[in-house]
Amino acid sequence: MSESRLYSFSPETKEKLRKFRLGTSRAKDPQAVIYIIDSKTQEIRAEDGEVYTKMEDLADELPESSPRFILLSYPLTLGSGRLTVPYVLLYYLPENCNPSMRMTYAGAVELMRNTAEVNRVIEVQDEDDILSIESKLQGSD
């Protein structure tokens, strides 16, 4: 449990996480929010508060050499015809990110997962992984 002492969430961020989780369960479009770890305070918070509904826009926003956490609610129809809205944490870890940033995010991924109350963490490395996320989600049920 040492990671809970290293990293923190403000009460506002915890409330936003809860509202996002509850508010996206019936969304018709994908909903994604990018989270960062503030290097000075070690606080995990939304990068800019923007909610992305297009995977292309989300992929364009991600830096090429810094990790990020992305909360994603993604409505899709399964092969059986049933509608499902997986709520997952995308752990964006680009290949060329610096080792200390990699360690910082690696140390916080479980805390982020538990605080955001997601069931599944999917590691993504580049724009293609983001754009093809639906196929990864299809295989989850």
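Me: Is Phe20 buried or exposed here?
Reply: Buried: this is a predicted model, and in it Phe20 has a relative accessible area of 11%.

Me: OK, and how many aromatic pairs turn up in the whole structure?
Reply: A search finds 3 aromatic pairs. Phe20 and Tyr87 make one of them, a tilted pair with 6.3 Å centre to centre and 45° between the planes.

Me: Which elements do Phe20 and Tyr87 sit in?
Reply: Phe20 is in helix 2 (residues 11-23) and Tyr87 in strand 6 (residues 87-92), so that pair links distant parts of the chain, 67 residues apart. Tyr87 counts as buried too, at 12% relative accessibility.

Me: What about the rings of Phe69 and Tyr91, why is that pair called tilted?
Reply: Because their planes are at 40°, with the centres 5.7 Å apart. Phe69 lies in strand 3 (residues 68-73) and Tyr91 in strand 6, so the pair ties together parts 22 residues apart in sequence. Both Phe69 and Tyr91 are buried.

Me: Which residues do ring pairs link into a cluster?
Reply: Phe69, Tyr91 and Tyr105.

Me: Switching topic: which residues have the most contacts inside the largest nonpolar core?
Reply: Tyr35, Ile44, Phe69, Leu71 and Met112, in a core of 24 residues.

Me: And which element gives the largest share of that core?
Reply: Helix 4, with 6 residues. Among the other elements giving two or more are helix 2, strand 3 and strand 6.

Me: Back to Phe69, what is it in contact with, leaving aside neighbours within four places in sequence?
Reply: Its contacts include Val33, Tyr35, Leu89, Tyr91, Tyr105 and Met112.

Key
Residues are numbered from 1 along each chain as its sequence is written. This is a predicted model: local features need pLDDT of at least 70, side-chain atom pairs count only at pLDDT 80 or more; totals for chains, interfaces and linings use all residues. Side-chain values use heavy atoms; hydrogens and water are left out. Rings of Phe, Tyr and Trp (its six-membered ring) pair if their centres lie within 6.5 Å; planes under 30 degrees apart count as stacked, over 60 as edge-to-face and the rest as tilted. Helices (H or I, at least four residues) and strands (E, at least two) are DSSP runs, numbered from the N terminus. Buried means under 20% relative accessible area, exposed over 50%, partly exposed in between (1.4 Å probe, protein chains only). A nonpolar core is a set of buried Ala, Val, Leu, Ile, Met, Phe, Trp, Tyr and Cys residues joined through side-chain atoms within 4.5 Å. Contact means heavy atoms within 4.5 Å.
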